Amino acid sequence: MEWVDLRSDTVTRPTAAMRAAMLGAEVGDDVYGEDPTVNALQQRLADELGFDAGLFVPSGTQSNLLALMSHCERGDEYLVGADAHTYKFEGGGAAVLGSIQPQPIVQAADGSLPLERIEAAIKPVDPHFARTRVLALENTWHGRTLPLDYLQAAHDTARAHGLGLHLDGARLFNAAIACNVPAREIARHFDTVSVCLSKGLGAPVGSVLLGSHALIDKARRWRKVAGGGWRQAGMLAAAGQYALDHHVARLADDHRRAAYLAGRLREIAGVDLLGQYTNMVFIDVPAGRLRELDVHLRDAGIRISIGYLPTLRLVTHLDVDDAGIERTAAAFAEFFGRG
């Protein structure tokens, strides 16, 4: 039985056509800047999103780290959401490797950082304080899109205080599809943007950091220092190119399937639907039944992330079709229907 894997959109597998594109990729040594497929991917995303240059890196975590290390010096700080991926789920890399202090800010329900909290967190110019350098936002955040008018207001606030702006845009294209705007319309508010190719876009690995020539030059050096220089990476870049050609518009299918699944789960007694945002569904189930539910779903060929909290996140992606959604809804209904 084929698994229905709803743990994350990172579990996607390259399609046969993507594998063929990888096999046919022209390659060279990227540390020397000689891989033509890597160079094409970097420049393509830079052009499409309105930046000077791009840098292809192994992961979104490294992309965010390189951005912060390129914006900041030792002893500087960045402002970031208290539940943002860059702060909470990336191993403290900016502090550990960059000597950059995070200043977490409690987020609003939509993932935005209230402007008054941003301004209150900016440090005065005084030897007692770290120097506030960057405002880092995330879009999407737990599937939620940041409102376009908020992005403009956050940009204006940061500029008024001389701050740089970085976007963890791991799911930038999900946000663009949900807001029905070109991704460039979101990216234009930022100095640097990190875009992940290995989540909903379905590439096997890789992210691209976009920015000015000066910032990307810094990031390229830090990538080497962090062990991220790679050689004939064009085969991976070709997967990213294929994803951009074929897997962006179809993100709307993931959003549609997530909405349908949310509707089905809403009807099941014992499941508390917390919300559905882009390709993510959040539910609460009784904590005492989590392990039993996990076993039941696995017996039905369904994987979800079960932790110690009753809140569960179900994520749709290109490897989950309509039949998989129906199987998932039926399995939940069967489990809670038996008491």
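Predicted model: local features only at pLDDT ≥ 70, side-chain atom pairs only at ≥ 80, totals over all residues.
**Two cavities and a helix pair**

The residues that line the second largest cavity divide into 3 nonpolar, 4 polar and 1 charged.

Some background. Rolling a probe the size of a water molecule over the atoms shows where empty space is left. In this structure, a search of the whole model finds 2 cavities of 30 Å³ or more.

Back to the second largest cavity. What is its volume? About 40 Å³. Please find the lining residues on the screen: T61, N64, L65, L68, T86, E90, G93 and A94. Helix α3, residues 60-71, and helix α5, residues 93-98, each supply at least two residues of this lining. Which of the elements gives the most? That is α3, with 4 residues.

Now the largest cavity. About 50 Å³ of space lies in this one. The lining has one run of residues, G169, A170, R171, L172, F173 and N174. By class, the lining of the largest cavity holds 7 nonpolar, 3 polar and 2 charged residues.

Where in the fold do these residues sit? Helix α8, residues 172-179, and strand β7, residues 192-196, each supply at least two residues of the lining of the largest cavity. The largest share comes from α8, with 3 residues.

I now leave the cavities and turn to a pair of helices. Two packed helices are described by the angle between their axes and the distance between the axes. Here the pair is α1, residues 16-23, and α11, residues 234-246. They pack at an angle of about 135°, and their axes are 8 Å apart. Because of that angle, α1 is oblique to α11. For this class, the angle has to stay out of the roughly antiparallel range, which covers values over 145 degrees. The crossing of α1 and α11 is right-handed.

Which residues meet at this contact? From α1 come A17, M18, A21 and M22. By class, the contact of α1 with α11 has 10 nonpolar residues, no polar ones and no charged ones.

To set these side by side: the helix contact has no charged residues, the lining of the largest cavity has 2, and the lining of the second largest cavity has 1. That is the end of my part.

Definitions and conventions. Residues numbered from 1 in each chain as written. Heavy atoms only, no water. Axes fitted to C-alpha atoms, helices over the stretch in contact; angles between N-to-C directions. Parallel < 35°, antiparallel > 145°, perpendicular 65-115°, else oblique. Left-handed = near helix turned anticlockwise from the far one by under 90°. Contact = heavy atoms within 4.5 Å. Nonpolar A, V, L, I, M, F, W, Y, C, P; charged D, E, K, R; others polar. 1 Å grid on protein atoms, 1.4 Å probe; cavity = no way out; pocket = protein on both sides within 12 Å on 5 of 7 lines; lining within 4 Å. Points joined across faces, edges and corners; volume = space filled by probe spheres on them.
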